[in-house]
Amino acid sequence: MHCTAKINENLIWVGGNDRRLSLFENVYPIPRGISYNAYVVLDEQTVLVDTADRAISDQFMENIEYALGGRKLDWIIVDHMEPDHAATLRDVCRYWPEAKVVVNDKIAVMIRQFFGEELMSRLHIVKEGEALKTGCHTFRFYMAPMVHWPEVMVTYDETDKVLFSADAFGTFGAVSGFLFADEVDFERDWLDDARRYYTNIVGKYGASVQALLKKASGLDIAMICPLHGPVWRENIGWFVDKYVKWGTYTPEEDGVLIAYGTVYGHTQNAAEVLAMMLREMGVKKIAMYDVSVTHPSYILSDAFRFGKWALLSSTYNAGIFPAMETLLADIKAHALKNRTVAIVENGSWAATAGKQMREMLSGLKDVNVLDGAVTVRSALNADSTAALGELAKALAEA
Ligand code: FEO
């Protein structure tokens, strides 16, 4: 049975959900699933805005067919070629052989890479700011390179003031009946997944996100239709403000991220003591993670959220504890900036993790690693606890 949602008189959500996939991109846990959004616009000519992941292909095809109501499909707009959206493009093209495919020149290259020559004669190539008129509706195209791949563009429906934003403003999480962000408690139930989606998927490309936001600020936007997660029609500014913060690497909240890598629990103990010290010093929010237990995507998300980090690591094989090294590599890969970091190392004979953690963070812009890294020798004692107190003070006051 088709499962669609009417957004307005002529705009229909035809996407679907996957709650079985354990790792999005084979990397990120998605315990709440994910939606693959696509949209049909009914006008004098019919338009499908983006396609969907192969996992939902049967549902997706049925949805398009229902939304078209027996009409032929005239246009397929492709905003992004990543297979979580474009995997079904060739199938859709085969099923609706008269549809022309609206792309930019970079998308055209990727269509040939993914599908060979079959679709090439059907492409209608647009450039920045070009328009497509389908009757009452005028769609205008804006390039959004690196949000999240280099070929990405977004589509603006000037008639209904709808921005089809590709991956931007998307989130992990399946859509369960309620399609609109204003129908759910987004801040309570979705924001963490939205942040984790943004920071891990697009977080490295903050400058590109800022460029897109600048373009979008010149548009009169009544609704944002992303490729994942709820549709925005109210309080859009609130979510845009999150994107401004994330895109500029501005801490979203006052608080401290504590991440520790521990073998027998003594480094964890140092982390717990540090948290108590920070609380007594007036820190209002602390997010603490054992890096061996929590997937780094969650910790990276809180590294964007908070401006202060405390990273504590056992020394392991004369280096950084493995899961901590993975986290630091992830943080480095996402080019985080503007943070203050306290480092604590532990070692029973040759404590070297601290120096190596400092080196890993050294390439990050405006990341201030506090002096006075604390060395724990096996377990906290009076001296190292006092040093930890000094470090906590420096972090709390930073
Ligand atoms: Fe949802 Fe970059 O694909």
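**Labels and their cut-offs**

Author: Let's start with a pair: Arg54 and Asp91 meet through their side chains in a salt bridge, at 3.1 Å from N to O. This is a predicted model, where local features need pLDDT of at least 70 and side-chain atom pairs count only at pLDDT 80 or more, while totals for chains, interfaces and linings use all residues. Residues are numbered from 1 along each chain as its sequence is written, and side-chain values use heavy atoms, with hydrogens and water left out.

Reader: What makes Arg54 and Asp91 a tie between parts of the chain?

Author: Arg54 sits in the loop between strand E8 (47-49) and helix H1 (57-68), and Asp91 in helix H3 (residues 89-95), so the parts they tie together are 37 residues apart in sequence. Helices (H or I, at least four residues) and strands (E, at least two) are DSSP runs, numbered from the N terminus.

Reader: Is Arg188 buried or exposed, and how do you know?

Author: Buried means under 20% relative accessible area, exposed over 50%, and partly exposed in between (1.4 Å probe, protein chains only). Arg188 has 61%, so it counts as exposed. Its salt-bridge partner is Asp185, at 3.8 Å from N to O, and Asp185 is partly exposed because its value is 35%.

Reader: And why is Thr262 called buried?

Author: Because its relative accessibility is 11%, and the label needs under 20%. Thr262 belongs to the loop between strand E17 (253-261) and helix H9 (266-280).

Reader: What makes the approach of the Thr262 side chain to the backbone nitrogen of Gln268 a polar contact?

Author: A polar contact is a pair of N or O atoms within 3.5 Å; within protein, one must be able to donate a hydrogen and the other to accept it, and residues adjacent in sequence count only if both atoms are side-chain atoms. The side chain of Thr262 reaches that nitrogen at 3.3 Å, so the distance passes. The backbone nitrogen of Thr267 lies 3.4 Å from a polar atom of the Thr262 side chain.

Reader: How many salt bridges turn up in the whole structure?

Author: The search finds 22.

How values were computed: A salt bridge is a side-chain nitrogen of Lys or Arg within 4 Å of a carboxyl oxygen of Asp or Glu.
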